[in-house]
Amino acid sequence: MRKAIIYASVHHGNTEKLVKGIAATCQVNLIDAVKQSDADLSSYDMIGFASGIYFSKFHQSLLGFAEKNLPGDKKVFLICTYGGSANYKSIEQILDKKRSKVIGKFGCRGYDTFGPFKLVGGIAKGHPDEEDIKNAVEFVKGL
Ligand SMILES: Cc1cc2nc3c(=O)[nH]c(=O)nc-3n(C[C@H](O)[C@H](O)[C@H](O)COP(=O)(O)O)c2cc1C
């Protein structure tokens with residue numbers, strides 16, 4: 001089973017920390033969609049999309065990447081880190097169009113200093129933590 005995780009992590013590297021934690025234990029290729037806007041995904045059996053949540057959406061670079069590069073009929077899993085709450089709608093809209101099947105979703109909190117949260121030193125400090133990474137690894141192993 002060849003797996004790839006395409007990710008975008010632009011705020012505090014929270015999502016990158018999580019996917020690197022997954023890649024340290026599971027056989028998975030990581031692709032940073034902020035640095036790389038194209039890749040051939042045809043040889044992967046499972047494809048993950050991982051992102052922070054920005055204004056209730058996955059990062060624009062990741063949405064653009066999925067729109068452009070995700071072949072139809074692939075098994076897809078979703079991962080996000082968020083300050084307040086997970087929201088998968090933006091990526092799911094693209095996956096619907098591609099007739100990709102979502103086989104699992106995982107989200108956890110990520111350190112957030114956006115806007116007013118900066119004034120209080122941020123929220124979800126320290127996340128994702130070791131427990132979050134352990135849970136994410138379990139999630140990927142269970143797919
Ligand atoms: C511009 C901006 C907008 C954000 N919007 C949301 C949001 O709508 N909902 C939410 O729960 N968190 C929001 N957050 C918090 C991030 O989702 C959270 O910190 C996430 O872990 C960032 O991941 P990253 O460090 O991998 O970029 C926002 C953060 C930024 C910088």
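Let me start at S56: one of its backbone N or O atoms lies 2.8 Å from an oxygen atom of the ligand. That is a polar contact, meaning a pair of N or O atoms within 3.5 Å; within protein, one must be able to donate a hydrogen and the other to accept it, and residues adjacent in sequence count only if both atoms are side-chain atoms. Before going on: this is a predicted model, where local features need pLDDT of at least 70 and side-chain atom pairs count only at pLDDT 80 or more, while totals for chains, interfaces and linings use all residues. Residues are numbered from 1 along each chain as its sequence is written, and side-chain values use heavy atoms, with hydrogens and water left out.

Back to S56. The residue sits in the loop between strand 3 and strand 4 (57-58). Helices (H or I, at least four residues) and strands (E, at least two) are DSSP runs, numbered from the N terminus. The phi of S56 is near 70 degrees, which is positive in a residue other than glycine. Is S56 buried, exposed or partly exposed? S56 is partly exposed, because its relative accessible area is 45%, and the scale is: buried under 20%, exposed over 50%, partly exposed in between (1.4 Å probe, protein chains only).

A polar backbone atom of G83 is 3.1 Å from a nitrogen atom of the ligand. For G84, a polar backbone atom is 2.7 Å from an oxygen atom of the ligand. Which residues come nearest to the ligand? Of the 21 residues around the ligand, these are S9, T15, I53, Y54 and T81, where "around" means a heavy atom within 4 Å.

Next, the largest pocket. Its volume is about 450 Å³. A pocket is found on a 1 Å grid over the protein atoms alone, as an open set of points where a 1.4 Å probe fits, with protein on both sides within 12 Å along at least five of seven lines; lining residues have an atom within 4 Å of a point. Grid points are joined across faces, edges and corners, and the volume is the space filled by probe spheres set on the points.

The lining has 24 residues, with I53, Y54, G83, D112 and F114 nearest the centre of the pocket. Strand 3 gives the most, 3 residues. Helix 1 (14-25), strand 3 and strand 5 (75-82) each supply at least two. By class, the lining has 9 nonpolar, 14 polar and 1 charged residues.

Strand 3 (residues 46-54) also holds G52. G52 counts as buried because its relative accessibility is 5%. Leaving out residues up to four places away in sequence, G52 touches A8, T15, K57, F58, H59 and T81, a contact being heavy atoms within 4.5 Å. G52 and G84 are 32 residues apart in sequence and 11 Å apart in space, C-alpha to C-alpha.

Now helix 2 (residues 60-69), where N69 lies. N69 is buried, since its relative accessible area is 13%. A polar atom of its side chain lies 2.9 Å from the backbone oxygen of S37.

Last, the loop between strand 6 (101-109) and helix 4 (130-141), which contains P128. A cis peptide bond joins H127 and P128, with omega about 0 degrees. A124 lies in that loop too, and has a positive phi of about 55 degrees although it is not a glycine.

Conventions: Nonpolar A, V, L, I, M, F, W, Y, C, P; charged D, E, K, R; others polar.
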